[in-house]
Amino acid sequence: MMNKKKTVLAHLPINKKAIITELHGGGHFNRRMCAVGLRKGQTVETISKQPFMGPLTIQVGKCKMTIGRGMAHKIYVEMI
Amino acid sequence: MIKKIVLMGNPNVGKSVVFSRLTGANVISSNYPGTTVDFSKGNMLLEGKKIEIIDAPGTYSLEPANKAEEVASNMIKDADMIINVVDSTNMERNLLLTLELLEKDIPVIIVLNLWDEARHLGISIDEKKLEKMLGVPVVPTVALTGEGIKELVSRLKEAKSPKKIKPTSEEGRWIEIGHIIKKVEKVEHRHHTLRDRISDLTIKPLTGLPIAIGIIFFAFWIVRLIGENLINYIFEPLFENIYRPIITNVGNLLGEGFFYNFLISQTYGEINFVESLGMLTTGIYVPIAMVLPYIIAFYFMLSLLEDTGYLPRLATLVDNIFHKLGMHGYGIIPVFLGLGCNVPGMLATRSLETRKQRLIATTLISISVPCLAQTSLVFAMFSDDKIKNSLEYPPIIYILMVFSTLILVYFIAGFILNKFIKGQSPEIFLEIPSYRIPHFKTLIKKTWMRIKWFTKDALPWMFFGVFIINILYSIGIIDFLAKIFKPIMTGLFALPGETSIVLISGFLRKDLAVGTLLSFKEGTFDPMQLVIIATMLTMFFPCIATFAVMIKELGLKDMIKAALIMISAATIVGIVLRLVLIGV
């Protein structure tokens, strides 16, 4: 069943919060994302998106980071 | 016996600041990830015994993702003890590395740095409980101000390898971390502060880009303003009023002849600090009175940008453009450092993940990022009395011709290299630190360190360079080279044969090259030729110091590639400029 609230981080509107539900990269990607703080169950918020498929700036906890749009497509989230 | 302590932690948690506090040694620290790309060593005394402290680059885990992180994970192999620096504002994520370290059989002590910042953000951590749970000492610190460092030193001997942390899987570690966080950390919700709002404005494209352009222009304007005033009101008067009489007397003592030519001037009785090509005149005046003032201004401004935490935001804004050049947004940070001196610029490329990115980044810096030594001399050149008279337009027009060509070359060359160099250009991942008001003392100290490095490096090379040029002159090689290269220089670029000497001395130091250029008699070069030479001087080949670092960073094979790219790019641009500015 597809829920409307389910999406990928790349499609999360600006200033919206969501919970990470799954990481869909390879093993290396998933481990890397976990290491930098993007893990299942964490709450993320989008701060900005650069135009022309540029990177996203997001906030996890008190930490802000910029990640590529491609990476953000591999991170599945559920909007709150 | 503890002999070697290694500082480990995530990027941008303040390891280098802790290191400076412990050892008193000076290392550069900034408010963005990736400032430390290599390890630095220092010593501290603990109960009368000398202990080596090593500052490693930041890493998120012991599984490295780039060259700098590799350096870090190799560091722990021969460590007797690890000081794990943890960012208190981000404890959860930092604890992964902590657990990985605790699983090794090495004594660990934990530093909860940025303690003030955590409190400010509404985060409270029960460090006593954390200590109990992990089984190793935990010390809260504010390394920037030195708070907590004394306690850290006094508790170093309590560091241990806890028996209760057993090696486990990645999954197991995260469960453990969740468990710990729940017990020791409380986060109070805080509303958006002014700082958050500024942070948002500078990273959102609509407001961020105009702000970025404003900041960059403002920064360069300030550098010029400070630099020019230092020259006009301090350095120039000092040299004219104090140094000139001394040198004139020394010259009189030496009398006409070989030594006079070498030390003071090619022509007896005539002392021109820039053009005389004496070791005590040009060799000192150019680096100290012409370049150093700009170095002071530039590094003050750069340090300010670094310590506020602005640079990662700029990297985010330019990420898109830099992808077209085969890198990602972080690529702008080496460019900024390279504008001061190409050597630290090259080193900063280590934070890029792949060989392709690093090869492109280093090659582009060597082709089209002029170091400050060269930039300040190009500025000086077009306002030199000898040259000023022959200018048709105001000096700034010629200077703009040089720099806009270089910027254009950066983009075109990057675009082409991206098409032809095989390999991956992964996406950006960059932490955006909170804005911080620079700590004034740290800022001044950092600027001072960089100035010291410049003088330590510049003076010997300049001396050596002037010496070599003098020898070449006195045995007639200069004229010989000018004749030999005349067909190439004139044929391709419509430049006099003497240009070859300028380009060759550029290999020693770029500012020496401009000094050499100015030493030729009036009318040797016309203004458009000077534009071409100044541009080619940047592109043609790096100075010897940069060259050495490039070989080390790229390896011989890629260095040869880079060198071929540089020479062909310089040749093409030289010909194009000739056709545009001078004609066939």
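In the predicted model described here, A:Ile58 has A:Met65 of strand E5(A) as its bridge partner. This bridge belongs to the antiparallel pairing of strand E4 (residues 56-60) of chain A with E5(A), which extends over 5 bridges. The two strands form a hairpin with 2 residues between them, and in this hairpin A:Gly61 adopts a positive phi near 60°.

On its other pairing, strand E5 (residues 63-67) of chain A is joined to E9(B) by 4 bridges, and these two strands run antiparallel. A:Met65 takes part here as well, with B:Glu431 as its bridge partner in E9(B). A:Thr66 is likewise bridged to B:Leu430 of E9(B). E5(A) is largely enclosed by the rest of the structure, because 5 of its 5 residues are buried. A:Cys63, A:Met65 and A:Ile67 point to one side of the strand, whereas A:Lys64 and A:Thr66 point the other way, and all are buried.

The pairing of E5(A) with E9(B) is part of an open sheet of 7 strands, in the order E1(A)-E6(A)-E2(A)-E3(A)-E4(A)-E5(A)-E9(B), with antiparallel pairing. The edges are held by strand E1 (6-8) of chain A and strand E9 (429-432) of chain B; each has a single partner strand, so one side of each lacks a neighbour in the sheet. From one strand to the next, the twist averages 40°. Elsewhere in the sheet, strand E2 (residues 17-23) and strand E3 (residues 43-49) of chain A pair in the antiparallel sense over 3 bridges. In that pairing, A:Lys17 has A:Glu45 of E3(A) as its bridge partner.

Chain A as a whole contains 2 helices and 6 strands, arranged along the sequence as β-β-α-β-β-β-α-β. Its radius of gyration is 11 Å, close to the 12 Å given by the globule rule for 80 residues, so chain A is as compact as a globular protein of that length. Along the principal axes, its C-alpha atoms fill a box of roughly 30 × 30 × 25 Å. Of the 80 residues of chain A, 39% count as buried. Among contacts in chain A with a separation of 6 or more, 60% are accounted for by residues 24 or more positions apart.

Between the two chains, 25 residues of chain A are in contact with 27 residues of chain B. On the side of chain B that touches chain A, at least two residues each come from helix H3 (91-103), helix H7 (170-184), helix H8 (194-203), helix H12 (311-317), helix H13 (319-324) and E9. E9(B) gives the most to this side, with 4 residues. By type, the residues on this side of chain B comprise 13 nonpolar, 5 polar and 9 charged.

In chain B, helix H23 (residues 510-519) is mostly covered, with 10 of its 10 residues buried. Among them are B:Lys510 and B:Asp511, together with B:Leu512, B:Val514 and B:Leu517. The elements covering the buried residues of H23(B) include helix H11 (282-308), helix H17 (372-382), helix H18 (385-388), helix H20 (440-474), helix H22 (499-508) and helix H24 (527-540) of chain B.

As to confidence, the mean pLDDT of chain B is 92, and 100% of its residues reach 70 or more. The model has an ipTM of 0.93 and a pTM of 0.91.

Key:
Residues numbered from 1 in each chain as written. Chains lettered and ligands numbered in written order. Predicted model: local features only at pLDDT ≥ 70, side-chain atom pairs only at ≥ 80, totals over all residues. Rg over C-alpha atoms; globule rule 2.2 N^0.38 Å. Buried ≥ 20, exposed ≤ 12 C-beta atoms within 10 Å, placed from the backbone. Contact = placed C-beta atoms within 7 Å. Pairing = 2+ DSSP bridges. Axes fitted to C-alpha atoms, helices over the stretch in contact; angles between N-to-C directions. Nonpolar A, V, L, I, M, F, W, Y, C, P; charged D, E, K, R; others polar. pLDDT = per-residue confidence, 0-100.
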